[in-house]
Amino acid sequence: MRDDKMQLNIDGQLIYYGFEIEEAPVIGDIPARITITYDFEIPGIATFAPSWEIPCDRENVADDDAVLAKIFFLGMAELVYCLPKLKSYEIIVEPFALTQEQIVVWKETYCDILALRFKQNADETIPEISIVSEGEELVPDYKNRTEKREKTLIPVQTDYETDCVLEQSCKEWLQEVFYIINADDKCMQKLTAYGYKNVISVCRSINTDNPEAEHNLSEKGEQNISLLVAYSASLVAELFELDDKFVRELNPKLYQST
């Protein structure tokens, strides 16, 4: 326990230990894919291991700092859905170091989403959040990325009533690549009807030993879905060397924190 813990008057602590990456090769008609599993814990209360299974046509993705950074920040996006309703939190981030500017952005993001998740009343105070970043610095060399990317990644929000993709805009985007989390038959039928052919579908699993938290994590909400869509879409765009300008325009804060 750190000496300043009592001074911070912390009600709860959440630790982001890190993540594991497993790579699976092509097997018959099954494409190559990576599985990312995160490791979070509220000490003495619950563990969380959200995972993402993503098709991938690249090898050795763990050697790419740009990809690692996107995976790390997707974990930061997952963290907020593990937090119970408390007045103050200490979040310890171990995988990589955050800058002070990034800490400010994430604290604001977490406070906004917690207020929405728990339907904060006007007379309630905003939760106090302390973020402690204990990892090593990771500075990806984005300058050497492919500058001109032929196709744009367009996210589709399948878990919310209002999709990012609207029928009247479909002709404009027919040649682009569409991105879906946990696609169901209804969503795939809709995309087929619109004429979309290039689709990347990923699977997100929650994986926690806390039933109450699992219920909260499963609740639908525009802000909840949008945050995960934004950060996972940024990762998928990096893996497939697609342009993520659509995500940048919808979520400008995303690029302040990465």
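Tyr38 is buried, with a relative accessible area of 1%, where buried means under 20%, exposed over 50% and partly exposed in between, using a 1.4 Å probe and protein chains only. The model you are looking at is predicted, so to speak of local features requires a pLDDT of at least 70, side-chain atom pairs count only at pLDDT 80 or more, and totals for chains, interfaces and linings use all residues. Residues are numbered from 1 along each chain as its sequence is written, and side-chain values use heavy atoms, with hydrogens and water left out.

Let us stay with the aromatic rings. A pair of them is described by the distance of the centres and the angle of the planes. Here, rings of Phe, Tyr and Trp (its six-membered ring) pair if their centres lie within 6.5 Å; planes under 30 degrees apart count as stacked, over 60 as edge-to-face and the rest as tilted. The structure holds 11 such aromatic pairs. In one of them, Tyr38 stacks with Phe40, at 5.9 Å centre to centre and 25 degrees between the planes. Phe40 is buried too, at 0% relative accessibility.

Helices (H or I, at least four residues) and strands (E, at least two) are DSSP runs, numbered from the N terminus. Both partners count as buried, Phe72 at 2% relative accessibility and Phe96 at 15%. One aromatic cluster takes in Tyr38, Phe40, Phe72 and Phe96, along with Tyr16, Phe19, Phe73, Trp106, Tyr110 and Tyr231.

Next, look at Gly18 in strand β1, which is buried with a relative accessible area of 10%. Gly18 touches Thr37, Tyr38, Asp39 and Pro95, leaving aside residues up to four places away in sequence; contact means heavy atoms within 4.5 Å. Gly18 and Phe72 are 54 residues apart in sequence, yet 8.0 Å apart in space, C-alpha to C-alpha.

Strands pair if DSSP finds at least two bridges between them. Strand β1 (residues 12-24) runs parallel to β5, joined by 5 bridges, and Ile15 stands opposite Ile92 in β5. A further 6 bridges join β5 to strand β6 (residues 128-133), again in parallel, with Ser88 opposite Glu128 in β6.

How many of the residues of β5 are buried? In this strand (residues 88-93), 6 of 6 are. Ser88, Glu90 and Ile92 cover one side, and Tyr89, Ile91 and Val93 the other, all of them buried.
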